[in-house]
Amino acid sequence: MHSISIHEQDFCLAEEVKSAESSVSNAGAIVTFTGRVRGYDHQKPLSHLFLEYFPGVTEKEIEKIILQTKAQWPILYVRVIHRVGQINVDENIVLVLTASEHRKAAYQANEFIMDYLKTRAPFWKKEHFKDGTAHWVEMKQTDLEHTASWRQ
């Protein structure tokens, strides 16, 4: 089982874990990754992020990522939530939750999904700083390299 949600409102980690626990049996491991908005980037204090996406296309790309994950690891459950719109400092931005019978598969699948979300899912992120300036965030070379390492 898997599900994808892209929306503006925040999510509750405890509720998402409870939902995973009630949706699968024999899961010996549930791994969660929660990404949050940092207060600083480039040594300037952030006010908030603004994320845009391409409705329909973004979900299809995340679906492909999840199907690749399930082909590589014995995953029982995957949940991906990605927020869009204005997201303030210290708020959640993304959740990747994976469940498997064993921890190694759950950990690796979770990291794989997150790496591919950073580099292949069509989201556009703009950083807004407290001084009133803003800029679109470019993909980091280190993220591309880490994602490429999964293909080896």
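Predicted model: local features only at pLDDT ≥ 70, side-chain atom pairs only at ≥ 80, totals over all residues.

Student: How far does helix 2 reach from its first C-alpha to its last?
Tutor: Helix 2 covers residues 57-72, which gives it 16 residues. At 1.5 Å a residue, 22 Å is expected. The span in the model is close to that, at 23 Å.

Student: Is Thr58 buried or exposed?
Tutor: Thr58 is found in helix 2. Its contacts beyond four places in sequence are with Ile6, Tyr53, Pro122 and Phe123. Buried means under 20% relative accessible area. Since Thr58 has 0% relative accessibility, it counts as buried.

Student: Why do the buried residues of helix 2 line one face?
Tutor: The residues in question are Thr58, Glu61, Ile62, Ile65, Ile66 and Thr69. An α-helix has 3.6 residues a turn, so residues three or four places apart point the same way. Seen down the axis of helix 2, the buried residues line one face because they fall within an arc of 140°.

Student: Which exposed residues does the face turned away from that buried side carry?
Tutor: The buried residues of helix 2 pack against strand 1, strand 4, strand 5, helix 3 and strand 8. Turned away from this buried side is a face with the exposed residues Lys60 and Ala71.

Student: Which element gives the largest share of the largest nonpolar core?
Tutor: That core has 27 residues, and Leu51, Ile62, Val80, Ile93, Ile113, Leu117 and Phe123 have the most contacts inside it. Two or more residues come from each of strand 4, helix 2, strand 5, strand 7, helix 3 and strand 8. The largest share is seven residues, and it comes from helix 3.

Student: How many residues are in the other core that lies apart from it?
Tutor: Among the members of this other core are Val24, Tyr77, Leu97 and Ala99. The core has five residues.

Student: Which residues do ring pairs link into a cluster?
Tutor: A search of the whole structure turns up three aromatic pairs. Ring pairs join these residues into a cluster: Trp73, Phe112 and Tyr116.

Student: And how far is Lys44 from the ring centre of Phe129?
Tutor: A charge sits over a ring if, among other things, NZ of Lys is within 6 Å of the ring centre. Lys44 lies over the face of Phe129, and its distance from the ring centre is 4.5 Å.

Methods:
Residues numbered from 1 in each chain as written. Heavy atoms only, no water. Helix = DSSP H or I, 4+ residues; strand = E, 2+ residues; numbered from the N terminus. Buried < 20%, exposed > 50% of the residue type's maximum accessible area, 1.4 Å probe, protein only. Contact = heavy atoms within 4.5 Å. Phe/Tyr/Trp six-rings, centres within 6.5 Å; stacked < 30°, edge-to-face > 60°. Lys NZ or Arg CZ within 6 Å of the ring centre and 35° of its normal. Core = buried A, V, L, I, M, F, W, Y, C linked by side-chain atoms within 4.5 Å. Expected span 1.5 Å × (residues − 1). Arc of directions from axis to C-beta.
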